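I opened the model to look up its helices, its surface and its ring contacts. My entries are below the display.

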Amino acid sequence: MLRAFFGMGLLNNIIPFCLIVWGQTHIASGVASILNATTPLFTVIVAHMLTTDEKLTINKLAGIIIGFAGVATMIGPAALTGESSSLWGQLAILGAAISYAFAGIFGRRFKTMGVPPLVTATGQISASTIMLIPLALVIDRPWSLAMPSGEVWAALLGIALLSTALAYLIFFRILSSAGATNLALVTFLIPVSAILLGSVVLGEQLEAKHLIGMAMIAGGLVAIDGRVFRKKTSEKVL
């Protein structure tokens, strides 16, 4: 069980967190959130390859094509010519999305192992902490940094309690009941909030291609979910 916790921590915390933090130093937060929203698209592919009950369907295939087209539209032709200074930042966020996809599939084993969501979340976070402490000591050298202010400590506490502890408890509960693909669909909420916050709080601007790409990714997620098409089909039959 310990190896499972460390594996989950690596896929769901260490790899994506490091890639996202580094990537966001090179691209705007809104773009990063849109790229992170490709997680469901990668999850569909990984689930098809590694599971027996979350196979690829026509709707999911259509969603993948639309979603990847959205990513290509958003990154633009500069990605093919190497002229984009933020290309590596964009690829880092996509790498994080792929890691999240594998994490969703990897995390399915905890249900079969009979591990409750609270224990799974605690084990993953604890394992991640153990692995990250040496890296933080070597890379960040916290003893050389200024003492954080009260506002920083409050922000860290909020992130720890709400965005981490509570979020992962909900994460593993949904994963256990709805599966990896459905769990990954909630990632679509991130770009919307990030775009609004980035625009209002940070004054960031998004180009038309970013908005078009987000719309195409949204269409891909709708196709993957499939409920709209099933509803229309049933109405047509009736």
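The entries start with the ground rules and then go from the whole chain to single residues.

**Ground rules.** I am working from a predicted model, in which local features need pLDDT of at least 70, side-chain atom pairs count only at pLDDT 80 or more, and totals for chains, interfaces and linings use all residues. Residues are numbered from 1 along each chain as its sequence is written, and side-chain values use heavy atoms, with hydrogens and water left out.

**Whole chain.** I looked up the elements and found 13 helices and 0 strands in the protein chain. Helices here are DSSP runs of H or I with at least four residues, strands are E runs of at least two, and both are numbered from the N terminus. Of the 238 residues, 39% count as buried. Buried means under 20% relative accessible area, exposed over 50%, and partly exposed in between, with a 1.4 Å probe and protein chains only.

**UniProt record.** The unreviewed UniProt entry places "transmembrane region" at residues 5-22, 28-49, 61-81, 87-106, 118-139, 151-171, 183-202 and 208-229. UniProt positions are in the numbering used here, feature names are shortened, and annotations may be inferred rather than shown by experiment. I checked two of these ranges against the model. Residues 118-139 are 100% helix and 0% strand, with end C-alpha atoms 31 Å apart. Residues 151-171 are also 100% helix and 0% strand, with end C-alpha atoms 27 Å apart.

**Nonpolar patch.** Which residues form the nonpolar patch on the surface? They are Ile45, Met49, Leu50, Phe68, Ile98 and Phe102, with about 510 Å² of accessible area together. The elements that give two or more residues to the patch are α3 (39-50) and α6 (87-106). The largest share, 3 residues, comes from α3. Patch residues have over 30% relative accessible area and no salt bridge, and nonpolar side chains (Val, Leu, Ile, Met, Phe, Trp, Tyr) are joined within 5 Å, like charges within 9 Å. A salt bridge is a side-chain nitrogen of Lys or Arg within 4 Å of a carboxyl oxygen of Asp or Glu. Areas come from the Shrake-Rupley method with a 1.4 Å probe; for residues, only the protein chains shown count as cover.

In α3, Thr39, Pro40, Leu41, Phe42, Thr43, Val44, Val46 and Ala47 are buried. Of the 20 residues of α6, 15 are buried, so this helix is largely enclosed by the rest of the structure. Phe102 is in α6, and at 34% relative accessibility Phe102 counts as partly exposed.

**Rings.** I count 5 aromatic pairs. Tyr168 and Phe171 form an edge-to-face pair, 5.8 Å centre to centre with 75° between the planes. Rings of Phe, Tyr and Trp (its six-membered ring) pair if their centres lie within 6.5 Å; planes under 30 degrees apart count as stacked, over 60 as edge-to-face and the rest as tilted. Why are Tyr168 and Phe171 separated by about one helical turn? Because they are 3 residues apart in helix α9 (residues 150-178). Tyr168 is buried at 9% relative accessible area, and Phe171 is buried at 17%. Phe171 also pairs edge-to-face with Phe172, at 5.0 Å and 80°. Ring pairs link Phe5, Phe110, Tyr168, Phe171 and Phe172 into a cluster.

**Pro117.** This residue is in helix α8 (residues 117-140) and is buried at 18%. Pro117 and Arg173 are 56 residues apart in sequence and 5.5 Å apart in space, C-alpha to C-alpha.
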